[in-house]
There are 2 protein chains.
Amino acid sequence: MHVLIIGAAGMLGRKLAARIAADGGLGGREVTALTLVDAVAAVAPAGFGGDVTVETLDLATDGAAARCVAGRPGVIVHLAAIVSGEAERDFERGYRINLDGTRLLFEAIREEHERSGYTPRVVFSSSIAVFGAPFPELIGDEFFTTPLTSYGTQKAIGELLLSDYSRRGFMDGIAIRLPTICIRPGLPNAAASGFFSNILREPLVGKEAVLPVSEEVRHWHASPRAAVGFMVRAATMDLAPLGWRRTLSLPGLSATVGEQIEALRRVAGDRAVGLIRREPDATIARIVAGWPANFSAARARGLGFVAESSFDEIIRVHIKDELGGTLAAV
Amino acid sequence: MHVLIIGAAGMLGRKLAARIAADGGLGGREVTALTLVDAVAAVAPAGFGGDVTVETLDLATDGAAARCVAGRPGVIVHLAAIVSGEAERDFERGYRINLDGTRLLFEAIREEHERSGYTPRVVFSSSIAVFGAPFPELIGDEFFTTPLTSYGTQKAIGELLLSDYSRRGFMDGIAIRLPTICIRPGLPNAAASGFFSNILREPLVGKEAVLPVSEEVRHWHASPRAAVGFMVRAATMDLAPLGWRRTLSLPGLSATVGEQIEALRRVAGDRAVGLIRREPDATIARIVAGWPANFSAARARGLGFVAESSFDEIIRVHIKDELGGTLAAV
């Protein structure tokens, strides 16, 4: 099987490629070729035995999507996107990359389908940003999409296109709405959601972290490892049970910041918790108040998608996957 | 005020222009100029005292949208679309007219906004085709959009774009999901939904009509006069109460075919009902079974949108507006 990852240089793209290399396949099927596409050069995963092709291109430029599809990969995982903050700052760029790029990819698949009957599995990473406040306490699987960002709008449009292109038989697509990824590895970043990860990741290595909101703030989380599991499942499961409702809100863990902190205390002790510095930020508090906090995700759970069930588990996943299994610095 | 109607040669476009001419304005404000755009030449409404410009153009061609917006109309009513059956038969044409045409219009508005601060009211006619079965018995205002046609997909995307362009301040938009229009004037047509009108319109003038489904079939209706009322309200109301949820499922009348027929009997007698010939058509029955049949429309009702409350009323509106007020032929 040939797998194409678009957005392969990003955190989730790298982790998915690494998982394919580690497993030697995808959902039990051997992967013989891996094409890694991103706007910056992706890195081939260590230990992968098959062919690796790295393509550096911008999906929204002429001919780029056709180049992606030319090798007729059986599975396409489309993760590439301009993030929320940037799509909000730069309206045109957001629409060009997130909407036009996705549509051009789907069109290139359709053209190859018309030529050769090619009908790949397409996994499109969507986002809980397709939802906009006010929310019910628990967001059900049939709740409407009223995004409050251009990014969320672009993702919701991608979901609609994917369903229609699948219904028409051009591809076999599934859109997965990922929870906020926590604990996100790497350096603290300026994203409004960054603190959810910062307040755990930094104290776990003995560093201070800033908490800009109250401990009552509730949000929707899954680990990077769970997110890779979602992608593997979406790439390999039978999609017939979904009918033409090809978008799933994925399972996650609904937790307050206070619950995150108590989990940190249980796993890493009071000293780690003492490294969290409270610096209320009204702007961040206001942005976060507009985000969804809890989903039923009943449909995805029924289809075998699994996330963590406690923040202790999310922290332990991070210690295992990112810190070599131990808490040396605390 | 300058009003632009795109899709002005269609049934609803003509009726809206006629209503503006009859009222001398829109929602109490004088209309001094009317621009009528369509792919075929629209006809100026009788008795309109202001300037009328007729433009024959295809919105999806280069520069067409900019030409529409150049006169800076304060109100734009966008009704133009390839209908459901055609968008399903011709995938590329459907996306070109229904998606690209709409997006090019919104982009032309944004460009004029960036130049001059122009921020028109935009009324976008959407459709209950944004919904796809299975449905709850009563479709609430927060039910998700899972279209089962390319047309419905294109309308749902138009709704999302309109909300985002409004939220960004480029325009002041509202998308209205019209019920099926009944009684549709004119000749019987081959649309799968045609019989809902045919079985009333034809017997009212002494002609036979074919009923291809059972009397138990339930559907969602509003008269052409109600639809024009919706557009007038949408074009002139304060949209602040909508927040950024700029799409409304409009009120209508949920009725079975049997209820339609009993209303016909009450208004026009047994002889009219006797002109309905039952010719079951499994294909049409299957298509219609996938359509929504009943909406709460609570939000739109609360915002002052009003439809008919009985089929007797819908039939009487047709007799008044289309047949000169009398049933001569029956």
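Residues are numbered from 1 along each chain as its sequence is written, and chains are lettered from A in the order in which they are written. Because the model is predicted, local features need pLDDT of at least 70 and side-chain atom pairs count only at pLDDT 80 or more, while totals for chains, interfaces and linings use all residues.

Start with chain A. Its secondary structure comes to twelve helices and 14 strands. Both are DSSP runs, numbered from the N terminus: helices are H or I with at least four residues, strands are E with at least two. The C-alpha atoms fill a box of roughly 60 × 45 × 40 Å along the principal axes. The radius of gyration of chain A is 20 Å, which agrees with the value near 20 Å for a compact globule of 330 residues. That radius is taken over C-alpha atoms, and the globule rule is 2.2 Å times the number of residues to the power 0.38.

Of the 330 residues of chain A, 49% count as buried. Buried means that 20 or more other C-beta atoms, placed from the backbone, lie within 10 Å of the residue's own. Contacts are pairs of residues whose C-beta atoms, placed from the backbone, lie within 7 Å. Among contacts in chain A between residues at least 6 apart in sequence, 77% join residues at least 24 apart.

Where do the chains touch? 19 residues of chain B are in contact with 19 residues of chain A. Helix α5 (residues 150–167) of chain B gives the most to its side, with eight residues. The copies meet through the same surface, because 100% of the interface residues of chain B are also interface residues in chain A.

Finally, look at a sheet in chain B. Three strands form an open sheet in the order β9-β11-β13, with mixed pairing. Strands pair if DSSP finds at least two bridges between them. The edge strands of chain B, β9 (180–181) and β13 (253–256), each pair on one side only. Four bridges join β11 (residues 218–222) of chain B to β13(B), and these two run antiparallel. B:R218 stands opposite B:T256 in β13(B).

Technical notes: Contact = placed C-beta atoms within 7 Å. Buried ≥ 20, exposed ≤ 12 C-beta atoms within 10 Å, placed from the backbone.
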